[in-house]
There are 2 protein chains.
Amino acid sequence: MGELLSGLKRTHMCGLLTENEVGREAVVMGWVQRRRDLGGLIFIDLRDRTGIVQVVFDQSLGDVFRKAEKVRNEYVLAVIGDVVKRDEETYNPNISTGTIEIRAKDLKILSVSDTPPFMIEDDVNVSESVRLKYRYLDLRRPKMQNYLITRSKVAKIVRDYLIDHGFLEIETPYLTKSTPEGARDFLVPSRLQPGTFYALPQSPQLFKQLLMIAGYDRYFQLARCFRDEDLRADRQPDFTQIDIEMSFIEEDDVIELNEGLLKKVFGDVLGIELKTPFLRLTYQEAMERFGSDKPDLRFGMELKDLSDILKETNFNVFRSALSKGSIRAINAEGCGEKFSRREIDALVDLAKDFGAKGLAWISIDSDGPKSPILKFLTEEEINGIIKRLNAKPGDLLLIVADEDAVVFNVLGRLRLHLGRKLGLMKKDDYKFVWVVDFPLLEWNEEEHRYTAMHHPFTAPKDEDIPLLDSQPQKVRAKAYDIVLNGVELGGGSIRIHSTDIQEKMFKVLGFTNESAWERFGFLMEAFKYGAPPHGGIAYGFDRLIMLLTGTDNIRDVIAFPKTQNGSCLLTDAPSPVDLKQLRELHIKVDI
Amino acid sequence: MGELLSGLKRTHMCGLLTENEVGREAVVMGWVQRRRDLGGLIFIDLRDRTGIVQVVFDQSLGDVFRKAEKVRNEYVLAVIGDVVKRDEETYNPNISTGTIEIRAKDLKILSVSDTPPFMIEDDVNVSESVRLKYRYLDLRRPKMQNYLITRSKVAKIVRDYLIDHGFLEIETPYLTKSTPEGARDFLVPSRLQPGTFYALPQSPQLFKQLLMIAGYDRYFQLARCFRDEDLRADRQPDFTQIDIEMSFIEEDDVIELNEGLLKKVFGDVLGIELKTPFLRLTYQEAMERFGSDKPDLRFGMELKDLSDILKETNFNVFRSALSKGSIRAINAEGCGEKFSRREIDALVDLAKDFGAKGLAWISIDSDGPKSPILKFLTEEEINGIIKRLNAKPGDLLLIVADEDAVVFNVLGRLRLHLGRKLGLMKKDDYKFVWVVDFPLLEWNEEEHRYTAMHHPFTAPKDEDIPLLDSQPQKVRAKAYDIVLNGVELGGGSIRIHSTDIQEKMFKVLGFTNESAWERFGFLMEAFKYGAPPHGGIAYGFDRLIMLLTGTDNIRDVIAFPKTQNGSCLLTDAPSPVDLKQLRELHIKVDI
């Protein structure tokens with residue numbers, strides 16, 4: 001046990017002391033970053049959330065000095081002393097308070113500390129599992145504190161902006177109904193109703209639509225969402241979503257509002273002025289130009305379609321590809337010169353990893369094009385390719401011929417690979433783009449049915465509704481994603497708001513009318529009583545904070561995250577429970 | 001399906017139109033509150049979140065008029081028209097826009113509506129289960145909208161205040177470890193780790209303490225909490241808590257900060273200026289004066305101890321009570337005169353319902369005291385009682401003799417009963433009080449051990465620590481509750497922040513050292529690495545909104561609440577799930 005505060009009040013935060021306080025008495029409290037003894041003086045760097053201040057104890061303090069001698073790293077102290085200016089030669093430019101220090105007069109040791117398993121500093125060389133086990137120490141590191149402080153700040157900016165724009169924050173249930181369409185639900189057994197289960201919400205989607213039907217007009221929530229999926233590096237079983245819904249609006253209204261929101265967030269947090277309106281690309285255009293529905297626009301290297309140039313080709317590989325898909329290429333400018341033959345071979349292997357059967361390449365040397373495939377092509381074809389790709393000496397052309405989906409995927413990923421390798425993606429370059437006009441449906445080979453590309457509540461484009469019956473794969477959705485530097489920040493849509501279209505949608509998705517009503521009847525019933533046109537968007541809040549802070553580890557922006565297998569290494573959750581608890585819930589373990 | 005917006009933009013909200021807009025064109029969108037046809041004119045009251053505006057269609061509009069004829073209640077419309085001033089004799093003082101109306105020029109029927117199961121108006125005569133099933137219609141009623149709008153507003157005020165005072169909002173996990181001490185946990189089976197379970201958090205208590213240990217200094221969160229208890233009328237399985245924690249502070253600091261917060265909330269929402277500092281009562285004083293640790297201070301009728309007056313009494317009932325407890329009384333002023341003998345007998349029955357063996361009463365008539373017990377008392381004793389209770393002709397004295405706990409409970413509840421019956425509790429009178437110095441422990445007869453009165457992390461008063469071993473029942477806690485008009489709005493404490501005191505606390509609570517470490521080891525381990533003195537408070541957010549809006553139904557302030565048996569009548573949760581889902585979670589139903 002340490003000493004008691006006994007009425008002692010902190011007067012200043014460590015890192016916020018300035019030369020303005022010189023000559024005043026200050027009471028600071030915090031953790032010992034380090035202690036140095038130097039010829040009758042003890043120097044202690046005291047740390048709190050705001051930074052570090054140096055405290056000096058003079059031998060003449062007697063008992064207080066002897067107490068200071070006992071202090072070790074991470075002890076918690078309260079120090080009373082006078083703020084003084086340092087001698088200029090002892091200025092410390094590494095800390096915000098580097099021109100001043102506190103001459104201690106009294107000291108309380110509020111808590112002692114064992115030697116921590118790792119140093120509390122930004123560049124700590126320790127495994128992530130140790131960091132997660134001692135999360136409360138990990139979270140003391142200034143870098144980690146900055147992540148969570150930024151997160152709190154962004155939440156505030158978002159709320160202020162939306163409330164200023166007439167939105168209400170409304171909480172939706174966390175114990176709700178299981179409607180397994182999409183990801184797997186987390187289930188919660190009910191004690192009061194044996195044999196039944198709640199589900200944790202995958203998103204507040206249905207509730208926010210019901211709020212629109214209930215006339216709330218503009219809703220938002222920073223909502224926790226739960227998806228029981230196999231965790232990838234950038235996933236957590238529960239995550240936070242900025243969830244927004246509006247009534248009496250169309251796509252442009254949602255887009256405009258959100259451009260304002262992003263402008264505000266990026267302006268306030270990073271001090272950069274985003275230009276609005278953002279670029280918009282249709283899904284089709286994004287795929288054709290960048291091979292991705294979340295294109296990274298920080299660099300060019302766009303895909304070009306060579307199909308017309310090669311439509312009469314004698315080269316068998318190309319010819320057979322054309323019958324079921326297309327031939328497209330990118331120009332890796334300068335790479336013909338820069339890359340060794342081994343590096344080019346590595347690209348071929350990569351393309352195969354991405355799912356291509358092969359990768360054709362043409363290197364444009366100063367004395368003309370070089371390639372294993374030249375012998376299969378006519379001069380006209382070769383010239384056509386060079387012209388289409390705007391190729392000049394030193395360039396490397398990479399060509400994929402296959403079904404469209406394969407061509408887009410392989411070239412899109414090769415493009416990103418080369419962008420990274422060539423350093424074309426600058427961290428402080430923020431390129432936003434709306435991707436719009438998504439297909440409503442995608443064919444699921446495994447389940448042999450259509451699934452919704454966004455979700456089953458997304459409205460089709462008005463002019464495409466007649467195609468729902470005849471050519472559902474051609475129906476475009478009133479859906480939009482906001483993409484930043486190749487990352488999908490958020491996505492949304494205008495929703496269906498009539499029973500008959502919603503019923504038709506479920507039918508296209510392969511639901512019987514009965515099963516659709518069993519699961520989603522409450523929504524379709526609600527549409528019968530005057531549903532306004534409505535739509536919205538949802539952002540991955542964790543991902544937004546990652547982009548704003550520049551970390552690529554999602555666990556850095558969550559105070560107490562889970563590992564890949566869903567464990568909390570700090571509390572040891574999940575864990576076995578008492579049989580009595582299970583009996584009360586009317587379940588048993590069945591391994 | 002209704003008509004499409006097709007680019008039409010709303011220009012005004014219905015209820016916000018004023019005479020300033022007279023002469024302008026307006027586009028409004030909303031729901032039909034009612035339609036009246038009157039000699040070639042159709043009047044439609046159009047409703048949105050902000051209120052109602054009257055729209056007039058003239059026969060001369062032709063097709064538009066004929067479209068308006070088709071309109072029914074709860075249809076969703078877009079109306080284009082001119083704002084005009086009404087003739088003075090047609091002013092409607094019941095709506096904010098009562099001096100103007102819109103002369104319609106065009107109309108879109110955006111959605112039709114079946115006849116709703118109940119009218120959308122404040123005083124609707126329909127069972128709550130119908131309201132909950134059609135929650136989206138129930139939530140259209142202006143009263144309900146006001147509840148949720150107030151809720152959103154209060155959340156904003158709370159956040160702004162706390163952020164202005166240096167707090168960070170930090171999200172804590174919703175999938176965490178089961179530590180069943182207190183209420184029952186909701187469990188969530190883990191798919192990735194067969195046979196193990198997460199628990200939904202009963203509160204973020206441990207995580208907020210870990211955040212203090214991690215140096216975040218000031219934390220808050222509007223956190224959802226989950227308790228699987230048998231639901232009472234004012235409980236929900238998940239509820240929202242304003243959760244606050246601070247470092248380097250003592251009780252007074254928490255109290256002062258929170259007085260500022262409540263002053264701000266009540267000032268901004270109700271326009272009343274609360275006087276601070278609030279009154280403080282020790283737990284002991286609250287019990288002795290009001291028979292409750294959540295005293296309603298809107299009226300007097302305080303308990304008085306008669307034990308000293310009656311210490312030599314020959315009245316057996318009193319005598320035997322004194323040996324194990326006390327004799328106390330309240331003065332129901334004027335009730336001797338006002339109440340019939342039957343009404344007094346009803347009070348006796350009520351006292352027995354509350355757990356008393358009996359209730360003695362003395363009615364002070366103009367010609368002296370009347371009571372069945374007078375014959376057992378001396379004149380000196382009777383006079384002493386009258387004097388102690390300040391009784392005058394017309395008063396009714398109610399006396400309970402028993403163990404202290406029974407005496408306090410019965411008189412405290414009788415006092416409230418009489419306060420209500422006599423109309424002494426005014427709805428717009430806001431009497432705040434801090435109840436402090438709670439006992440740390442209470443004896444649990446059933447489990448035959450002490451349990452924590454607040455929770456096991458509450459710090460004992462420094463001067464009482466030595467009593468922990470010898471007389472634990474005498475140890476007072478650094479705990480405080482904020483009580484408003486007899487309702488506990490929130491409560492908190494200074495926390496234990498050292499391993500040894502926390503270990504001792506668990507020992508007093510009957511934990512073995514092993515089981516304490518198994519459950520809470522991560523916290524006690526954290527205390528070893530420099531834990532700052534810290535403490536905090538948590539408010540029941542739902543209850544706060546109830547008090548601010550004046551409703552006594554907790555379901556009124558929650559958008560999608562559960563019934564007493566935990567059902568959502570709208571979505572039909574909880575419900576049976578597919579066997580496949582259970583198999584994936586390694587559990588089976590066991591009824």
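## A contact between chains

Contact here means that heavy atoms lie within 4.5 Å of each other. In this predicted model, A:D228 is found in the loop of chain A between β9 (218-226) and β10 (238-247). When its neighbours within four places in sequence are left aside, A:D228 is in contact with A:R184, A:D185 and A:F186 of chain A, and also with B:R191 and B:L585 of chain B. A:D228 has a relative accessibility of 3%, and because buried means under 20% relative accessible area, A:D228 counts as buried.

## How the two chains are related

Two copies of a chain are related by a rotation about an axis and a shift along it. Here, chain B is superposed on chain A by a rotation of 180° with 0.0 Å of shift along the axis, and the RMSD is 0.1 Å. That is the relation of a two-fold axis. Of the interface residues of chain B, 100% are also interface residues in chain A, so the copies meet through the same surface.

## Chain A as a whole

Chain A contains 17 helices and 23 strands, and its C-alpha atoms fill a box of roughly 95 × 75 × 50 Å when taken along the principal axes. Of its 591 residues, 60% count as buried. Among the contacts in chain A between residues at least 6 apart in sequence, 67% join residues that are at least 24 apart.

Helix α1 of chain A (residues 63-70) has A:V64, A:F65 and A:A68 as its buried residues. They cover an arc of only 100° around the axis, which puts them on the same side of α1(A). An α-helix has 3.6 residues a turn, so residues three or four places apart point the same way.

What do the buried residues of α1(A) pack against? Their partners are strands of chain A, namely β1 (25-38), β2 (41-48), β3 (51-58) and β5 (100-111). On the other side of α1(A), by contrast, A:D63 and A:K70 are exposed.

## Two pairs of packed helices

In chain A, helix α4 (residues 142-164) packs with helix α16 (residues 541-549) at an angle of about 120°, and their axes are 10 Å apart. That angle makes α4(A) oblique to α16(A), and the crossing of the two is right-handed. From α4(A), the residues A:Y147, A:T150, A:R151, A:V154 and A:A155 take part, and they meet A:F541, A:D542, A:L544, A:I545, A:L548 and A:T549 in α16(A).

Another pair is formed in chain A by helix α10 (residues 341-353) and helix α12 (residues 404-421), which pack at an angle of about 140° with their axes 10 Å apart. α10(A) and α12(A) are therefore oblique to each other, and α10(A) passes α12(A) in a right-handed crossing. On the side of α10(A), the contact is made by A:E343, A:L347, A:L350 and A:A351, while α12(A) contributes A:V410, A:L414, A:H417, A:L418 and A:K421.

## A buried asparagine in chain B

B:N331 is found in strand β13 of chain B (residues 326-332), and this residue is buried, with a relative accessible area of 6%. Leaving aside neighbours within four places in sequence, B:N331 is in contact with B:M301, B:L389, B:N390, B:A391, B:D395, B:L396 and B:L397. B:N331 and B:S363 are 32 residues apart in sequence, and from C-alpha to C-alpha they are 9.7 Å apart in space.

Notes: Residues are numbered from 1 along each chain as its sequence is written. Chains are lettered from A and ligands numbered from 1 in the order in which they are written. This is a predicted model: local features need pLDDT of at least 70, side-chain atom pairs count only at pLDDT 80 or more; totals for chains, interfaces and linings use all residues. Side-chain values use heavy atoms; hydrogens and water are left out. Buried means under 20% relative accessible area, exposed over 50%, partly exposed in between (1.4 Å probe, protein chains only). Helices (H or I, at least four residues) and strands (E, at least two) are DSSP runs, numbered from the N terminus. The arc is that of the directions from the helix axis to the C-beta atoms. Copies are superposed by least squares on the C-alpha atoms of residues with pLDDT of at least 70 in both. Axes are lines fitted to C-alpha atoms, for helices over the stretch in contact, and angles run from 0 to 180 degrees between N-to-C directions. Angles under 35 degrees count as roughly parallel, over 145 as roughly antiparallel, 65 to 115 as roughly perpendicular and the rest as oblique. A crossing is left-handed if the near helix is turned anticlockwise from the far one by less than a right angle, and right-handed if clockwise.
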